[in-house]
Amino acid sequence: MTTTASTASSAEVADLPLLLESPGRRMWRRFCKNPVGVTASIVIGLFFAVALVTGICSLLGVYFPYNPNTTELTQKLMPPSAAHWLGTDNLGRDVLSRLLNGSYISLTVGFVAVAVSLFIGVTVGAISGYFGGWIDNIIMRVVDAILCFPSFFLILTAVALLGPNIMNIIVVIGLVSWTGTARLVRAEFLTLRETEYVRAAKALGIRTPGIIFRHILPNAAAPIIVTAVVGIPDAILTEAGLSFLGFGVQPPQATWGNIISDGKTYLLDAWWLIVFPGMAIFIAALAFYLAGDALRQAAESRSERK
Amino acid sequence: MLNFIIRRLAISVVLAFLISLISFFIITLTPGSPYPWGELNPKITPQVKEAFKKKFHLDRPLIEQYWLNMRDLFNGNLKSIKDDRPVLQKIGERLPATISLNVLAAVISLSFGLALGVYAAKHAGKTPDLLTSILAFIFIAMPGFWISYLIVIGLVRFTDVPILGTQSYGVFFPNAASMWLDRFWHIALPAVVLSIGGIAVQSRFIRASMIETLREDYIRTARAKGLEPDTVFFKHALRNSIRPLITGIGGLLPGLIGGSVIIETIFAYPGLGRLGYEAVLERDYPTLVAINFIVAALILIGNLISDVLYAVVDPRVRLE
């Protein structure tokens, strides 16, 4: 890592005193200087806080502003007003309450599905890149084959067959979406295994798992973190699509996708049933994508502009 | 060149085999009953179950099931559970609609993506670059079904553009031109919605490729000998940067076809995606196996073609 720092040093004289800082700290410092990335992180933090608070409150049986599942037929399809900020749906349920109540589903699916796909992708990619040869060949052909499938339809098929619930959705998204990570980790390992410090570690007699996890993996951390952050909105959008088609978490539990799905019948009379949940999905996904892109820029060893 | 094509073909055959295994085992290895009906349905006697098992070879060992399934698929004996029609025939009916929709969407994605990417590269590092990059992420982050409905709400309120299906029924068209215009409107909306994500992805690829090319020595040489900056940019750099467009075509396909499940459902467009969704709703196993397999195989062929095209454009690739 010091080599990359010294190539950057000639132009970034101001950074000289910081040359000895760790790559992780440098990435963090550069990320904090990017206004887009910081704004996106704040938005993500807000979503996270909302999901956490409403999640805990619903466990305790406390709901605000209303109970998301209380139907009030006299109040059905009411446009946004002071009483119902985002209007009500066809059963008179408060849309804001349902949006808040559904937020933890999206974020849980996003984070946990990415964790699953990271686990598989990193393991498979590390094995493939470190050992090479026929193992690599077989693994990469399987990855190529999976990449040929239209992933959304594959996920839809598997979720429909397994039965739609949050567990199955997370596992299936994770099982289908690890291929990108595996390719990336493999490429990192192919270059890193030839470095001098890995050869030195081998010469010292450190065992293979030690080399893979303690010496190579930490040096490949930056691109892995970036794919993870970008994987979260992919999973959120996939979950929303499944919910929309009726194969997400099942009613009466509200999810951002199924509010739109329920609302589509009243498309021309009740725009608020479409606009607000979609906005929630859109803003959450956008925040993750922008944060991921800012992280990628911060991780690059030299700026693109040169 | 021939050598390259043969090698790619050999790899594709291996991939096709893996694809067929995956699409088959998704169905068979999924826990739960393979029957398209509930366990407690009183109309389903053990005889009916036996007949169903026999029909789909579920009484055989797994390897044999796979073989029989693939054989049935290829000689057209694999039949839909729902209406007992050959699955290949059902897919064949939907294929033209899906292909025309996806080709149109790909054309839109590539052309607008190219324009946006070149524009961003031209202003690399400045405000327009930042704005186009944020715009690209906005495009990727918008759920397709949401944007479809927003467009539908807007169009129905303010215009009388036809929306659902492939053509308007019960409408008299005075001439062929107006009929084709009507068809065009039907395909245009879903194609635009489908291409939104592709535009964003392509623009990022093109931008990255342009910026890389602009760092090349021959660009510096061209500038040094005093050529107009625009000539260098649009002639020397652009021509050498559009190669990713070719790989882009291959890369677009899975996303397009996957996305068209939702978009075709919304616009009641009779393509493969909607057939797939109907099959999922009806738990129509044979159709699901066949669609997953055929779409993946189509994508494989698309990738093969784009690889070969790439090798035609860039001879260095052949040596790999």
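This note describes a predicted model with a chain A and a chain B, point by point.

1. Basis of the note. The model is predicted, so local features are reported only at pLDDT of at least 70 and side-chain atom pairs only at pLDDT 80 or more, whereas totals for chains, interfaces and linings use all residues. Residues are numbered from 1 along each chain as its sequence is written, chains are lettered from A and ligands numbered from 1 in the order in which they are written, and side-chain values use heavy atoms, with hydrogens and water left out.

2. Chain A. This chain has 13 helices and zero strands; helices (H or I, at least four residues) and strands (E, at least two) are DSSP runs, numbered from the N terminus. Along the principal axes, the C-alpha atoms of chain A fill a box of roughly 75 × 50 × 35 Å.

3. Chain B. Twelve helices and zero strands make up the count for chain B. The C-alpha trace of chain B spans about 85 × 55 × 40 Å along its principal axes.

4. Extent of the interface. Contact (heavy atoms within 4.5 Å) between the chains involves 45 residues from chain A and 52 residues from chain B. Together, chain A and chain B bury about 4,300 Å², and 80% of this lies on carbon and sulfur atoms. Buried area is the accessible area (1.4 Å probe) that two parts lose on being put together, summed over both.

5. Polar and charged links across the interface. Between chain A and chain B there are zero salt bridges, a salt bridge being a side-chain nitrogen of Lys or Arg within 4 Å of a carboxyl oxygen of Asp or Glu. Four residue pairs, both members at pLDDT 80 or more, are in polar contact between chain A and chain B. A polar contact is a pair of N or O atoms within 3.5 Å; within protein, one must be able to donate a hydrogen and the other to accept it, and residues adjacent in sequence count only if both atoms are side-chain atoms.

6. The side of chain A that touches chain B. The elements of chain A giving two or more residues to this side are α5 (133-148), α6 (151-162), α11 (221-244) and α13 (272-299). Its largest share, twelve residues, comes from α13(A). By class, this side has 34 nonpolar, three polar and eight charged residues. Here Ala, Val, Leu, Ile, Met, Phe, Trp, Tyr, Cys and Pro count as nonpolar, Asp, Glu, Lys and Arg as charged, and the others, Gly among them, as polar.

7. Rolling a probe the size of a water molecule over the atoms shows where empty space is left. The structure holds four cavities of 30 Å³ or more. On a 1 Å grid over the protein atoms alone, a cavity is a set of points where a 1.4 Å probe fits but cannot get out, and lining residues have an atom within 4 Å of a point. Grid points are joined across faces, edges and corners, and a volume is the space filled by probe spheres set on the points. The largest cavity has a volume of about 60 Å³, and its lining includes T54(A), Y63(A), F64(A) and N101(A). Three residues of this lining, its largest share, come from α4(A). The lining of the largest cavity has six nonpolar, three polar and no charged residues.

8. The second largest cavity. This cavity has a volume of about 40 Å³. P150(A) and F153(A) line it together with I257(B), V261(B), L272(B), G273(B), I291(B) and V295(B). In chain B, α10 (243-266), α11 (272-281) and α12 (285-313) are the elements that give two or more residues to this lining.

9. Backbone features to inspect. Most residues other than glycine have a negative phi, and most peptide bonds are trans. The peptide bond from P251(A) to P252(A) is cis, with omega near 10°, and P252(A) is found in the loop between α11 and α12 (256-263) of chain A. L77(A), which is not a glycine, has a positive phi of about 50° and lies in the loop between α3 and α4 of chain A.

10. Over all chains, the count is 15 salt bridges. One of them joins D144(A) and R183(A), whose closest N and O atoms are 2.7 Å apart. D144(A) lies in helix α5 and R183(A) in helix α8 (residues 179-192) of chain A, 39 residues apart. In chain B, V308(B) and M1(B) are 307 residues apart in sequence and 8.8 Å apart in space, C-alpha to C-alpha.

Notes: 1 Å grid on protein atoms, 1.4 Å probe; cavity = no way out; pocket = protein on both sides within 12 Å on 5 of 7 lines; lining within 4 Å.
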